[in-house]
Amino acid sequence: LNTLGKIIGIFMINRFIIVLTSTNNSLSASQSSPAVLVWNVETEKDTGFTHSNTTNNSRIEVDADGTYQIQANIRMFSSGQRVQFVGRYLIDGVIQSMPLGSSYIRNSGSSSDFWTCIINPPPVKLTAGQYIEVQI
């Protein structure tokens with residue numbers, strides 16, 4: 001409220017987050033043979049999510065109905081030339097209709113390089129018990 005008793009703005013955000021990482025450095029993927037990423041380290045996990053570091057560790061399950069923002073920053077590595085990965089997310093094992101991230105590297109072929117693929121789709125409505133996976 002301002003000094004005249006008028007409401008000038010209300011801004012509330014209630015966000016629950018889960019931050020997962022993977023120590024798997026041997027995952028192999030290509031456009032013709034994509035891979036679902038596995039997560040074996042829970043860096044941060046608020047209530048509202050179910051995840052296991054050992055069983056079905058590619059899955060992030062939501063515990064409540066709601067609108068969720070999904071984001072993945074994936075560090076990629078390749079020694080190939082003109083390598084492109086397309087990131088997608090899956091809901092209950094079903095690939096969503098459009099690729100939502102892409103990364104491309106062009107190196108000399110005589111070196112190995114790291115780069116990042118960012119997946120950042122629009123918010124999605126989920127119901128309790130549904131799970132998300134990330135695929136490259």
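Figure 1. A pocket is an open set of points on a 1 Å grid over the protein atoms alone, with protein on both sides within 12 Å along at least five of seven lines. The lining comprises 44 residues, and Leu-20, Trp-39, Gln-71, Ala-72 and Asn-73 lie nearest the centre of the pocket; a lining residue has an atom within 4 Å of a point. Strands E1 (18–21), E4 (60–62), E5 (66–68), E6 (72–78) and E12 (131–135) each give two or more residues to this lining. Strand E6 provides the largest share, six residues. By class, 27 lining residues are nonpolar, 14 are polar and three are charged. Here Ala, Val, Leu, Ile, Met, Phe, Trp, Tyr, Cys and Pro count as nonpolar, Asp, Glu, Lys and Arg as charged, and the others, Gly among them, as polar.

This is a predicted model, in which local features need pLDDT of at least 70 and side-chain atom pairs count only at pLDDT 80 or more, while totals for chains, interfaces and linings use all residues. Residues are numbered from 1 along each chain as its sequence is written, and side-chain values use heavy atoms, with hydrogens and water left out.

**Figure 2. The protein has zero helices and 12 strands.** Helices (H or I, at least four residues) and strands (E, at least two) are DSSP runs, numbered from the N terminus. Of the 136 residues, 32% count as buried, that is, under 20% relative accessible area with a 1.4 Å probe, protein chains only.

**Figure 3. The largest nonpolar core contains 22 residues.** Such a core is a set of buried Ala, Val, Leu, Ile, Met, Phe, Trp, Tyr and Cys residues joined through side-chain atoms within 4.5 Å. Ile-74, Leu-126 and Val-134 have the most contacts inside this core. Among the elements that give it two or more residues are E7 (83–91), E10 (113–119) and E11 (124–126). Beyond its neighbours within four places in sequence, Leu-126 is in contact (heavy atoms within 4.5 Å) with residues including Val-62, Tyr-68, Ile-91 and Ile-132.

**Figure 4. Leu-90 lies in strand E7.** Leu-90 is buried, with a relative accessible area of 5%. The C-alpha atoms of Leu-90 and Tyr-131 are separated by 8.1 Å, although these residues are 41 apart along the chain. Leaving aside neighbours within four places in sequence, the contacts of Leu-90 include Ile-95, Tyr-131 and Val-134.

Notes:
Buried < 20%, exposed > 50% of the residue type's maximum accessible area, 1.4 Å probe, protein only. 1 Å grid on protein atoms, 1.4 Å probe; cavity = no way out; pocket = protein on both sides within 12 Å on 5 of 7 lines; lining within 4 Å.
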